[in-house]
Amino acid sequence: MSRVGCCIDNGPMEGWQGIIKEMRVILHPQVASYDELNDSICKTIDYYINEDPQKRFNGLTAGEMRKEAMKGNIKNCPIAPNHRIEKYWQKIHEKKIREAKKSSADY
């Protein structure tokens with residue numbers, strides 16, 4: 001659930017869940033019970049993190065990328081910025097400034 005009640009915050013997680021769902025169907029197409037489904041989802045997430053090299057990470061897996069970032073070896077994240085989200089947060093920031101000025105003018 002979004003902290004500000006806006007779907008733009010949920011977009012990255014929704015996209016990742018879609019990727020995992022698609023990968024699970026390909027990696028584990030035959031699922032007959034809840035336990036098998038749960039196991040296949042866990043295995044798919046493990047595959048995504050530890051075995052799936054990604055172009056946006058220059059061939060590293062998500063887990064390798066995180067380890068390098070935690071060591072401080074990665075200065076700039078190769079993921080392109082989302083300008084729509086940046087504009088959204090800029091509007092929120094500007095609104096807060098306007099409200100702060102308005103409330104200080106009331107005193």
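This is a predicted model: local features need pLDDT of at least 70, side-chain atom pairs count only at pLDDT 80 or more; totals for chains, interfaces and linings use all residues.
**The whole chain**

Start with a cartoon view of the protein. Its secondary structure comes to 4 helices and 0 strands, so the pattern along the sequence reads α-α-α-α. The protein has 107 residues, of which 14% are buried. Switch to a surface view: the accessible surface comes to about 9,000 Å², and carbon and sulfur atoms account for 56% of that area. For contacts between residues at least 6 apart in sequence, 29% join residues at least 24 apart.

**The core**

Select Ile 20, Met 23, Tyr 48, Phe 57, Ala 62 and Met 65, and show their side chains. These 6 residues make up the largest nonpolar core. Two or more of the core residues come from each of α1 (11-27) and α3 (62-71). As general background, nonpolar side chains in soluble globular proteins tend to be buried together.

Next, centre on Met 23. Leaving aside residues up to four places away in sequence, Met 23 touches Thr 44, Tyr 47, Tyr 48 and Asp 52. One of these contacts, Tyr 48, is also a member of the core.

**The aromatic pairs**

The structure holds 2 aromatic pairs. Trp 16 and Tyr 48 form an edge-to-face pair, with 6.0 Å from centre to centre and 75 degrees between the planes. This pair links distant parts of the chain, since Trp 16 sits in helix α1 and Tyr 48 in helix α2, 32 residues apart.

Now select Tyr 88 and Trp 89. Their ring centres are 5.1 Å apart and their planes stand at 80 degrees, so this pair is edge-to-face. Trp 89 is partly exposed, with a relative accessible area of 33%.

**The salt bridges**

Select Asp 39 and Lys 43. They form a salt bridge in which the closest N and O atoms are 3.1 Å apart. Both residues lie in helix α2 (residues 34-50), 4 residues apart, which is about one turn of the helix. Asp 39 is partly exposed, at 39% relative accessible area, and Lys 43 is also partly exposed, at 45%.

For the other bridge, select Lys 71 and Glu 68. Here the closest N and O atoms are 3.7 Å apart. Both residues belong to helix α3, 3 residues apart, again about one turn of the helix. Lys 71 counts as exposed, at 60% relative accessibility, while Glu 68 is partly exposed, at 25%.

**A charged residue without a bridge**

Finish at Arg 24, in helix α1. Which side chain of opposite charge is nearest to Arg 24? That side chain is Glu 36, 8.4 Å away. A salt bridge needs the nitrogen and oxygen within 4 Å, and Arg 24, though buried, has none. In general, side chains of opposite charge can pair when their charged atoms come close.

To see what does surround Arg 24, show its contacts. Not counting residues up to four places away in sequence, Arg 24 touches Pro 29, Val 31, Leu 37, Ser 40, Ile 41 and Thr 44. Thr 44 is also one of the residues that Met 23 touches.

Notes
Residues are numbered from 1 along each chain as its sequence is written. Side-chain values use heavy atoms; hydrogens and water are left out. A nonpolar core is a set of buried Ala, Val, Leu, Ile, Met, Phe, Trp, Tyr and Cys residues joined through side-chain atoms within 4.5 Å. Buried means under 20% relative accessible area, exposed over 50%, partly exposed in between (1.4 Å probe, protein chains only). Contact means heavy atoms within 4.5 Å. Lys and Arg count as positive and Asp and Glu as negative; His and the chain ends are not counted. Rings of Phe, Tyr and Trp (its six-membered ring) pair if their centres lie within 6.5 Å; planes under 30 degrees apart count as stacked, over 60 as edge-to-face and the rest as tilted. Accessible areas come from the Shrake-Rupley method with a 1.4 Å probe; for residues, only the protein chains shown count as cover.
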